[in-house]
Amino acid sequence: MNQLVAILITLFFLGLIVSFTVTHKLKDRYAFLWLVTAIAGVLAAVCIPLLNRFALWIGIAYMPTFVFLITIIFILALLVRQTMSLSKQSDKIKTLTQEFAVMEKQLLELRQAAEGRERT
(Lines give C-alpha, C1' and ligand atoms only; values in the text may rest on other atoms or scores of the structure.)
Protein backbone atom coordinates (compact mmCIF):
# COMPACT_ATOMS: atom_id res chain seq x y z
CA MET A 1 0.00 0.00 0.00
CA ASN A 2 2.83 2.41 0.87
CA GLN A 3 4.47 1.66 -2.45
CA LEU A 4 1.24 2.46 -4.32
CA VAL A 5 0.92 5.80 -2.51
CA ALA A 6 4.55 6.64 -3.32
CA ILE A 7 4.02 5.76 -6.98
CA LEU A 8 0.85 7.90 -7.17
CA ILE A 9 2.55 10.90 -5.54
CA THR A 10 5.57 10.73 -7.82
CA LEU A 11 3.37 10.29 -10.90
CA PHE A 12 1.40 13.37 -9.82
CA PHE A 13 4.68 15.28 -9.48
CA LEU A 14 5.77 14.11 -12.93
CA GLY A 15 2.44 15.22 -14.40
CA LEU A 16 2.79 18.59 -12.70
CA ILE A 17 6.26 19.13 -14.18
CA VAL A 18 5.06 18.14 -17.66
CA SER A 19 2.08 20.49 -17.29
CA PHE A 20 4.33 23.40 -16.22
CA THR A 21 6.65 22.71 -19.15
CA VAL A 22 3.84 22.54 -21.72
CA THR A 23 2.27 25.79 -20.47
CA HIS A 24 5.73 27.48 -20.44
CA LYS A 25 5.58 28.20 -16.71
CA LEU A 26 8.86 26.32 -16.38
CA LYS A 27 11.71 27.00 -18.78
CA ASP A 28 13.10 24.06 -20.71
CA ARG A 29 16.56 24.25 -19.18
CA TYR A 30 15.09 23.83 -15.69
CA ALA A 31 12.35 21.45 -16.79
CA PHE A 32 14.89 18.82 -17.82
CA LEU A 33 16.33 18.70 -14.31
CA TRP A 34 12.88 18.39 -12.75
CA LEU A 35 11.74 15.78 -15.28
CA VAL A 36 14.78 13.66 -14.48
CA THR A 37 14.05 14.11 -10.78
CA ALA A 38 10.41 13.11 -11.22
CA ILE A 39 11.33 10.06 -13.28
CA ALA A 40 13.91 9.06 -10.67
CA GLY A 41 11.19 9.43 -8.04
CA VAL A 42 8.85 7.16 -9.96
CA LEU A 43 11.60 4.58 -10.42
CA ALA A 44 12.48 4.79 -6.72
CA ALA A 45 8.83 4.33 -5.75
CA VAL A 46 8.55 1.28 -8.01
CA CYS A 47 11.79 -0.20 -6.68
CA ILE A 48 11.24 0.30 -2.93
CA PRO A 49 12.18 -3.32 -2.05
CA LEU A 50 15.38 -2.96 -4.08
CA LEU A 51 16.16 0.33 -2.30
CA ASN A 52 15.66 -1.43 1.04
CA ARG A 53 18.23 -4.06 0.09
CA PHE A 54 20.66 -1.44 -1.21
CA ALA A 55 20.32 0.63 1.98
CA LEU A 56 21.07 -2.45 4.08
CA TRP A 57 24.01 -3.32 1.83
CA ILE A 58 25.66 0.09 2.40
CA GLY A 59 25.00 -0.11 6.14
CA ILE A 60 21.82 1.94 6.56
CA ALA A 61 19.35 -0.12 8.60
CA TYR A 62 16.33 2.18 8.20
CA MET A 63 15.45 2.84 4.53
CA PRO A 64 13.74 6.24 5.08
CA THR A 65 17.11 7.47 6.38
CA PHE A 66 18.61 6.49 3.02
CA VAL A 67 15.84 8.39 1.21
CA PHE A 68 16.50 11.48 3.33
CA LEU A 69 20.23 11.21 2.63
CA ILE A 70 19.65 11.08 -1.13
CA THR A 71 17.16 13.97 -0.85
CA ILE A 72 19.59 16.13 1.12
CA ILE A 73 22.39 15.45 -1.38
CA PHE A 74 20.05 16.35 -4.26
CA ILE A 75 18.92 19.57 -2.56
CA LEU A 76 22.53 20.59 -1.90
CA ALA A 77 23.45 19.94 -5.54
CA LEU A 78 20.42 21.95 -6.65
CA LEU A 79 21.40 24.82 -4.35
CA VAL A 80 24.94 24.87 -5.72
CA ARG A 81 23.59 24.94 -9.28
CA GLN A 82 21.15 27.74 -8.48
CA THR A 83 23.87 29.72 -6.70
CA MET A 84 26.12 29.39 -9.75
CA SER A 85 23.27 30.58 -11.98
CA LEU A 86 22.57 33.48 -9.63
CA SER A 87 26.25 34.49 -9.64
CA LYS A 88 26.32 34.41 -13.44
CA GLN A 89 23.16 36.54 -13.65
CA SER A 90 24.59 38.97 -11.10
CA ASP A 91 27.71 39.43 -13.24
CA LYS A 92 25.55 40.00 -16.33
CA ILE A 93 23.46 42.60 -14.51
CA LYS A 94 26.61 44.39 -13.32
CA THR A 95 28.00 44.48 -16.87
CA LEU A 96 24.67 45.72 -18.27
CA THR A 97 24.47 48.45 -15.63
CA GLN A 98 28.00 49.62 -16.41
CA GLU A 99 27.31 49.63 -20.16
CA PHE A 100 24.09 51.56 -19.57
CA ALA A 101 25.93 54.17 -17.48
CA VAL A 102 28.55 54.65 -20.20
CA MET A 103 25.87 55.01 -22.88
CA GLU A 104 23.91 57.44 -20.72
CA LYS A 105 27.03 59.56 -20.23
CA GLN A 106 27.71 59.54 -23.97
CA LEU A 107 24.11 60.57 -24.68
CA LEU A 108 24.36 63.42 -22.20
CA GLU A 109 27.60 64.60 -23.81
CA LEU A 110 26.00 64.45 -27.29
CA ARG A 111 23.01 66.47 -26.07
CA GLN A 112 25.28 69.08 -24.54
CA ALA A 113 27.32 69.28 -27.74
CA ALA A 114 24.14 69.63 -29.80
CA GLU A 115 22.85 72.40 -27.52
CA GLY A 116 26.23 74.16 -27.83
CA ARG A 117 25.98 74.10 -31.62
CA GLU A 118 22.41 75.42 -31.58
CA ARG A 119 23.44 78.46 -29.49
CA THR A 120 26.13 79.53 -31.91
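Me: How do the residues of the lining of the largest pocket divide into nonpolar, polar and charged?

Reply: The lining holds 17 nonpolar residues, five polar and no charged. Ala, Val, Leu, Ile, Met, Phe, Trp, Tyr, Cys and Pro count as nonpolar, Asp, Glu, Lys and Arg as charged, and the others, Gly among them, as polar. This is a predicted model, in which local features need pLDDT of at least 70, side-chain atom pairs count only at pLDDT 80 or more, and totals for chains, interfaces and linings use all residues. Residues are numbered from 1 along each chain as its sequence is written, and side-chain values use heavy atoms, with hydrogens and water left out.

Me: What volume does the largest pocket have, and which element gives the most to its lining?

Reply: The volume is about 740 Å³. Of the 22 lining residues, A40, G41, A44, V67 and T71 are the closest to the centre. Helix α4 gives the most, with eight residues. A pocket here is an open set of points on a 1 Å grid over the protein atoms alone, where a 1.4 Å probe fits, with protein on both sides within 12 Å along at least five of seven lines; lining residues have an atom within 4 Å of a point. Helices are DSSP runs (H or I, at least four residues), numbered from the N terminus.

Me: Why do E109 and K105 count as a salt bridge?

Reply: The rule asks for a side-chain nitrogen of Lys or Arg within 4 Å of a carboxyl oxygen of Asp or Glu. In E109 and K105 the closest N and O atoms are 3.7 Å apart, so the pair meets the rule. The two are four residues apart in helix α4, about one helical turn.

Me: What makes K105 exposed and E109 partly exposed?

Reply: Relative accessible area decides: under 20% is buried, over 50% exposed, and in between partly exposed (1.4 Å probe, protein chains only). K105 has 54% and is therefore exposed, while E109 has 42% and is therefore partly exposed.

Me: Why is the pair of F54 and W57 called tilted?

Reply: Rings of Phe, Tyr and Trp (its six-membered ring) pair if their centres lie within 6.5 Å; planes under 30 degrees apart are stacked, over 60 edge-to-face, and the rest tilted. F54 and W57 lie 5.8 Å centre to centre with 35 degrees between the planes, so tilted is the label. Both belong to helix α3, three residues apart.

Me: What is the label for F54 and F66?

Reply: Edge-to-face, at 5.6 Å centre to centre and 65 degrees between the planes. The pair links helix α3 with helix α4.

Notes: Points joined across faces, edges and corners; volume = space filled by probe spheres on them.
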